Amino acid sequence: MRLSQLFARTTREAPKDEVAINARLLTRAGYVEKLMAGVYSYLPLGLRVLRKIETIVRQEMNTIGGEEILMPLLHPKSIWQTTGGWDSIDILFKLRSRTEKEYALGQSEEEVVTPLIMRRVNTYQDLPIAVYQIHWKFRDELRSKSGLLRGIEFFMKDMYSFHEDQKDFERFYQVVKEAYLKVFSQLGLVAKVTEASGGSFSEKISYEFMVLTDAGEDEILYCDECEFCVNLEIAKVKAGDTCTKCSQGKLNKARASEVGNVFDLGQKYGQDFNLGFSGRDNEKQYPVMGCYGIGISRLMGVIVEKSHDEKGIIWPEIVAPFQYHIIPLLSKDESKNKEIIEMAETLAREHEDDALIDDRDGVSAGEKFADADLIGIPYRVVISEKTLKGGGVEIKKRNETEVHIKSSLN
Ligand code: ATP
Ligand code: MG
């Protein structure tokens, strides 16, 4: 991709109304643009990052047997009345059409997925089933000051599983938990698993996957010796207490952002829709369901919160929009420039899917370097008269200071 052709230019200043670091840097570097609080457009570089996160999540969901589907965002009022959500869920967006019909926008999709799946399940032998989608969600959130961390419209992976009994749900929960930890560690994040109350309908425990960051909106207590971790909101323990799990470590308080969540939905949704299946004793049974979310757009924001410096973003290679940021620096001696440009263009061609080339005219070396730091691509590759004399190109990792002269990028 050519920087000269990117319509999304970098800017020195962040918009005045953006307070969160992720939104300030992502906007300045041309990854996203705010339409209104909590609602962003993803520009070419931003969409590449979002897609990379999505791909990692999709691979892990496929690996554990999730079947990908795409469900509607626009829902009839009736399904939300069936479950009680129409009146009880405060963040549910409700719309009225010109013919006075009422609709809801998907904030989660149990109301759509339960009839979709259970109409196709006759006996226990048809279970378990796990389906997922990667799609937009709408929530009438009150605070959206955290950039991509809290959207009113945001991108989520939501999976729903259907089981014969609680035991099979719990088996699958462990599988999902492992897959989630794999996703987060691939993204370079350490996620702590907390126990929290189960949300609006169920009394059951839910599990949250928390990444420590000051930008997060949750407060957690975690043990410095074992994996014990709990959301402060519901905790019976406090900071400084001895860990109730291992009796060794101390509990520390930290801010965190919830990047994933798993709920035990019990039999509520099957019962609400009166959609069951015939069990082993031929009696009608309702499925035990689980629901599992990962905040894809929130993850993009969390990665920036965790990985930046005063100059800009530092993308982990796995989600970076490109691996190489190629900067040809023209010489005062014009006879040298043909070779410089050719070398830069050749490298960009050889690494077409992985290279951004700063081919802008009339932009100083200093500005090009500043933009490279802001955009945050892992490897900066400079080609100049000096590097050619040294036998190649100068490569610098975004998070390191020393430069290396190499004859190729490999
Ligand atoms: P939170 O406590 O942060 O509001 P939640 O418990 O409402 O999250 P879920 O309903 O389980 O979250 O949604 C699944 C995942 O989607 C969350 O773990 C989070 O990563 C992400 N998510 C939830 N709400 C938002 C939002 N408003 N903006 C961006 N991502 C979100
Ligand atoms: Mg919420």
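In this predicted model, the side chain of R298 places an N or O atom 3.0 Å from an oxygen atom of ligand 1.

| Residue | Protein atom | Atom of ligand 1 | Distance |
|---|---|---|---|
| R298 | side-chain N or O | oxygen | 3.0 Å |
| G151 | backbone N or O | nitrogen | 2.8 Å |
| G260 | backbone N or O | oxygen | 3.4 Å |

How much of ligand 1 does the protein bury? Taken alone, the ligand exposes 580 Å², and 85% of that is buried by the protein.

The largest nonpolar core holds 60 residues, and Y31, I53, F184, M300 and W315 have the most contacts inside it. Helix α6 (residues 166-186) contributes the largest share, eight residues. Both domain 1 (3-309) and domain 2 (324-406) are represented, with at least three residues from each.

M300 is a handy place to start exploring. Leaving aside residues up to four places away in sequence, M300 touches L26, Y31, V32, Y42, G46, V49, L50, I53, L148 and W315. Another core, of 25 residues, lies apart from the largest one and includes V113, M118, L265 and F273. As a general background, nonpolar side chains tend to be buried together in soluble globular proteins.

Note on methods:
Residues are numbered from 1 along each chain as its sequence is written. Chains are lettered from A and ligands numbered from 1 in the order in which they are written. This is a predicted model: local features need pLDDT of at least 70, side-chain atom pairs count only at pLDDT 80 or more; totals for chains, interfaces and linings use all residues. Side-chain values use heavy atoms; hydrogens and water are left out. A nonpolar core is a set of buried Ala, Val, Leu, Ile, Met, Phe, Trp, Tyr and Cys residues joined through side-chain atoms within 4.5 Å. Buried means under 20% relative accessible area, exposed over 50%, partly exposed in between (1.4 Å probe, protein chains only). Helices (H or I, at least four residues) and strands (E, at least two) are DSSP runs, numbered from the N terminus. Domain bounds come from an automatic or database domain assignment. Contact means heavy atoms within 4.5 Å. A polar contact is a pair of N or O atoms within 3.5 Å; within protein, one must be able to donate a hydrogen and the other to accept it, and residues adjacent in sequence count only if both atoms are side-chain atoms. Accessible areas come from the Shrake-Rupley method with a 1.4 Å probe; for residues, only the protein chains shown count as cover.
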